[in-house]
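Reader: I am new to this structure. Please show me how to read it, one feature at a time.

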Amino acid sequence: MVNYSIHQTAGDTSTFIEHIESYKRQYREYPESITADAGYGGHENYKYAEDNKIEAYIKYNYFHLRAEKQISEDISKSDNLYYNEEQDCYYCPMGQAMENIGEKRKNNFERIQTNSQPI
């Protein structure tokens, strides 16, 4: 262990950047690599590590669920639908086009969740 930090936040994901910045203040550089459990997995943290040239070994939050067959084949998840880039729409398993009816941002980060409905 080379660093520790204490946070008033319930979730680990939102403490990652603050923790690494604490490391940088103490050692005057970013770590070369970091290993963390899935509690720290999230797009914002992966991008932060990449932007600061930190090799990150962080499992994403739903890794174990994505590996399960029932989740990886769940047709209600947009990740499992076919996306036609030319038409800018998804297709359900029955072949029906699904139009985009909204997007949702999380934690002010550029993670976009597409909500679709039949055209």
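Author: Start with the order of elements. Read along the sequence, the pattern is α-β-α-β-α-α-β-β-β-β. Keep in mind that this is a predicted model.

Reader: How many helices and strands does the chain have?

Author: The chain has four helices and six strands.

Reader: What share of the chain is buried?

Author: Of the 119 residues in the chain, 23% are buried.

Reader: And among contacts between residues at least 6 apart in sequence, what share joins residues at least 24 apart?

Author: That share is 22%.

Reader: Which residues of α1 are buried?

Author: Phe16, His19, Ile20, Ser22 and Tyr23 are buried in α1. They cover an arc of only 150 degrees around the axis, so they sit on the same side of α1.

Reader: What do the buried residues of α1 pack against?

Author: They pack against β1 (33-36), α2 and β2 (55-58).

Reader: Now α2. Which of its residues are buried?

Author: Asn45, Tyr48 and Ala49 are the buried residues of α2. Their arc around the axis is only 95 degrees, which puts them on the same side of α2.

Reader: Which exposed residues does the face turned away from the buried side of α2 carry?

Author: That face of α2 carries His43 and Glu50, both exposed. The buried residues of α2, in turn, pack against α1 and β2.

Reader: How do I describe two packed helices?

Author: Use the angle between their axes and the distance between the axes. Here, α1 (residues 16-27) and α2 (residues 43-51) pack at about 25 degrees, with axes 10 Å apart. Angles under 35 degrees count as roughly parallel. The helices α1 and α2 are therefore roughly parallel to each other.

Reader: Which residues make the contact between α1 and α2?

Author: From α1 come Phe16, Ile17, Ile20 and Glu21. From α2 come Glu44, Asn45 and Tyr48. By class, the contact of α1 with α2 has four nonpolar, one polar and two charged residues.

Reader: What comes in the segment before α1?

Author: Threonine 15 lies there.

Reader: Is threonine 15 buried or exposed?

Author: Buried means under 20% relative accessible area. Threonine 15 has 4% relative accessibility, so it counts as buried. Leaving aside neighbours within four places in sequence, threonine 15 is in contact with His7, Thr9 and Tyr40.

Reader: Where should I look for a positive phi?

Author: Look just after α1, at arginine 28. Its phi is near 65 degrees, a positive value in a residue other than glycine. Arginine 28 lies in the loop between α1 and β1. With a relative accessible area of 73%, arginine 28 is exposed.

Reader: What is the phi of lysine 53, which follows α2?

Author: The phi of lysine 53 is positive, near 55 degrees.

Reader: And what about aspartate 88?

Author: Aspartate 88 is not a glycine, yet it has a positive phi of about 55 degrees. Its place is in the loop between β3 (82-84) and β4 (89-91). Its relative accessible area is 52%, so aspartate 88 is exposed.

Reader: Where is asparagine 61 found, and what does it contact?

Author: Asparagine 61 is found in the loop between β2 and α3 (63-67). Leaving aside neighbours within four places in sequence, asparagine 61 is in contact with Thr13, Ala38, Gly39 and Gly41. At 30% relative accessibility, asparagine 61 counts as partly exposed.

Reader: And where is tyrosine 57?

Author: Tyrosine 57 is in strand β2. It counts as partly exposed, at 45% relative accessibility. Not counting residues up to four places away in sequence, tyrosine 57 touches Ser33, Ile34, Thr35 and Ala36.

Conventions
Residues numbered from 1 in each chain as written. Predicted model: local features only at pLDDT ≥ 70, side-chain atom pairs only at ≥ 80, totals over all residues. Heavy atoms only, no water. Axes fitted to C-alpha atoms, helices over the stretch in contact; angles between N-to-C directions. Helix = DSSP H or I, 4+ residues; strand = E, 2+ residues; numbered from the N terminus. Parallel < 35°, antiparallel > 145°, perpendicular 65-115°, else oblique. Contact = heavy atoms within 4.5 Å. Nonpolar A, V, L, I, M, F, W, Y, C, P; charged D, E, K, R; others polar. Buried < 20%, exposed > 50% of the residue type's maximum accessible area, 1.4 Å probe, protein only. Arc of directions from axis to C-beta.
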